[in-house]
Amino acid sequence: MMPRVLHCKDTGLFYFPAKELMMIFENLTKRFKKRSASMVGLTLSSTGVICPSGYTRLSDAPEVAAAVWRISDMIASMTIHLMENAKNGDVRVKDELARKVDVAPWSLGTRQTLIGWIVSTLLTEGNAFVLPVTRDGLLTDLWPMPTAYAQRRPDGSPYEIVWQGMAFEPDEVLHFRLRPDARYPWQGVGTRVQLGDIVDSIAQTAATKKAYMRSEYKPPLVIAVNSDSDLSDPDKRDAFTQSFLTRKDPSAPLIIPADLMNVVQAKPLSLTDLAVRDGVELDKRNVAAIFGVPGFMVGVGDYDKDEYNTFVSSVLLPLAQVIEQELTKKLLVSSKRYFKFNARSLYAYDLKELSEIGSDLYIRGLMTGNEVRNWMSLPPKDGLDVLVILENFIPADRIGDQKKLKEGKKNAEE
């Protein structure tokens with residue numbers, strides 16, 4: 001008997017009644033019962049699907065979460081500039097579209113919220129989908145599409161995006177891909193396979209540590225008692241302990257008969273003996289290598305400025321370009337405009353470096369004084385919007401117009 005399917009015309013969604021849905025899972029269980037001794041199960045509730053006991057999601061591993069959060073927070077912190085090609089170089093455009101994408105792209109969040117969700121989903125799932133909402137030809141909202149997925153069409157035509165029971169064309173949805181799949185280049189590939197064993201190892205290490213800390217078999221003392229004493233009865237052992245090993249003052253020395261017992265200090269196995277620390281450090285380094293983040297961001301190693309700047313240019317910027325190009329391709333009509341993240345804010349600079357760079361560009365006439373002050377996060381001042389060049393910095397074609405050269409030539413002629 002085929003299960004009944006309910007269709008809501010208002011939302012376009014399809015629903016399975018609870019009884020029919022349970023019948024589907026029962027049939028699947030019977031079908032695969034003989035093929036596998038263990039089967040991954042899902043628990044249904046009124047709020048959705050609950051992961052079974054023992055299942056560890058990628059985001060549940062602290063090391064994975066640390067790497068994903070750091071990358072997503074850093075990319076989401078960059079402002080998005082709307083740029084336009086001009087005759088003397090690209091210039092920034094400040095209009096309502098630029099403000100919409102940079103400040104309030106989503107009605108229920110900000111740029112930080114939306115871009116952070118996109119990057120986090122990309123790093124774990126490989127694909128992130130956002131639905132542009134327009135009104136009268138104008139962009140009004142960018143809706144995240146959690147649980148959306150891309151699939152091939154039966155007729156072999158280009159793929160489609162399915163979300164909440166509705167199918168969308170590829171040009172109707174912003175489809176962000178982490179890296180193209182080898183067989184299906186229209187969809188991205190996440191890090192689930194690469195991180196699977198590492199996450200399992202992290203979970204096992206945490207379980208081992210927790211079990212060790214809770215274990216009761218860690219006696220600091222081993223007491224060898226003369227065999228003539230009958231201590232097989234627990235009550236007799238307690239009475240023996242009260243008689244010989246209990247003291248009114250815990251700091252007082254322990255005095256025992258020499259021929260009755262022998263007290264030996266036992267050193268229980270530590271986490272170092274179990275190689276838990278080495279295993280945790282190795283897992284952290286593997287997670288850092290897969291995501292491309294420096295080790296100190298996941299708790300391994302020390303901070304290194306050059307390593308951090310390399311991480312920005314080799315990991316963050318390529319990931320930001322995935323978002324830039326998709327926004328430019330799907331949201332802009334003009335071929336002269338494009339979106340660009342302000343990556344300069346991510347690099348590690350100190351005030352001394354910024355001031356030296358600004359001073360050098362200012363005295364060479366390449367930046368105005370207010371542009372330099374903007375670098376230093378200082379407010380503008382009147383009279384600093386003009387390009388100036390110091391006395392000895394003149395154009396190459398006017399090098400012969402210097403006063404001292406003219407005076408020297410005049411004296412030579414006389």
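Modeller: A residue is called buried under 20% relative accessible area, exposed over 50%, and partly exposed in between. The model itself is predicted.

Biologist: Where is W186 placed, and which residues is it in contact with?

Modeller: W186 is in the loop between β12 (174-177) and α5 (192-214). Leaving aside neighbours within four places in sequence, W186 is in contact with A150, Q151, R152, Y159, H175 and R177. A contact requires heavy atoms within 4.5 Å. For A150, which is 36 residues from W186 along the chain, the C-alpha atoms are separated by 8.6 Å.

Biologist: What makes V189 buried, exposed or partly exposed?

Modeller: V189 is found in the loop between β12 and α5. Its relative accessible area is 27%. Apart from neighbours within four places in sequence, V189 is in contact with G126, L178, R179, P180 and D181. L178 lies 11 residues away along the chain, and the C-alpha atoms of V189 and L178 are separated by 6.3 Å.

Biologist: How do you know whether Y308 counts as buried or exposed?

Modeller: Y308, in helix α8, has 13% relative accessibility. With the limit for buried at under 20%, Y308 therefore counts as buried. Not counting residues up to four places away in sequence, Y308 touches M74, P294, F296, M297, Y303, L346, Y347 and A348. One of these, P294, is 14 residues from Y308 along the chain, with 6.6 Å between the C-alpha atoms.

Biologist: What makes D136 and T147 buried or exposed?

Modeller: D136 has a relative accessible area of 77%, and T147 has 70% relative accessibility. Exposed means over 50%, so D136 is exposed and T147 counts as exposed. D136 is in the loop between β7 (127-135) and β8 (138-144), while T147 is in the loop between β8 and β9 (149-151).

Biologist: What is the phi value of each?

Modeller: Phi of D136 is near 55 degrees, a positive value in a residue other than glycine. T147, not a glycine either, has a positive phi of about 70 degrees.

Biologist: Which residues is I71 in contact with?

Modeller: Beyond neighbours within four places in sequence, I71 is in contact with V119, L123, F291, V293, F311, L316 and L319.

Biologist: How do you know that a space is a cavity, and how many are there of 30 Å³ or more?

Modeller: In a cavity a 1.4 Å probe fits but cannot get out. The structure holds 1 cavity of 30 Å³ or more. The largest cavity has a volume of about 60 Å³. It is lined by I80, V101, P105, L114, I115, I118, V130, L142, L174, F176 and L327. The largest share of that lining, 3 residues, comes from α4; α4 (111-125) and β12 each supply at least two residues. By type, the lining residues divide into 11 nonpolar, no polar and no charged.

Biologist: What is the mean pLDDT of the chain, and where is the pLDDT below 50?

Modeller: The mean pLDDT is 76, and 66% of the residues reach 70 or more. Over residues 1-15 the pLDDT is below 50, and this stretch has 28 contacts in the model beyond near neighbours in sequence. Residues 32-55 are also below 50, with 18 such contacts. Where pLDDT is low, the predicted coordinates should not be read in detail.

Conventions
Residues are numbered from 1 along each chain as its sequence is written. This is a predicted model: local features need pLDDT of at least 70, side-chain atom pairs count only at pLDDT 80 or more; totals for chains, interfaces and linings use all residues. Side-chain values use heavy atoms; hydrogens and water are left out. Helices (H or I, at least four residues) and strands (E, at least two) are DSSP runs, numbered from the N terminus. pLDDT is the predictor's confidence in each residue, from 0 to 100. Buried means under 20% relative accessible area, exposed over 50%, partly exposed in between (1.4 Å probe, protein chains only). On a 1 Å grid over the protein atoms alone, a cavity is a set of points where a 1.4 Å probe fits but cannot get out, and a pocket is an open set with protein on both sides within 12 Å along at least five of seven lines; lining residues have an atom within 4 Å of a point. Grid points are joined across faces, edges and corners, and a volume is the space filled by probe spheres set on the points. Ala, Val, Leu, Ile, Met, Phe, Trp, Tyr, Cys and Pro count as nonpolar, Asp, Glu, Lys and Arg as charged, and the others, Gly among them, as polar.
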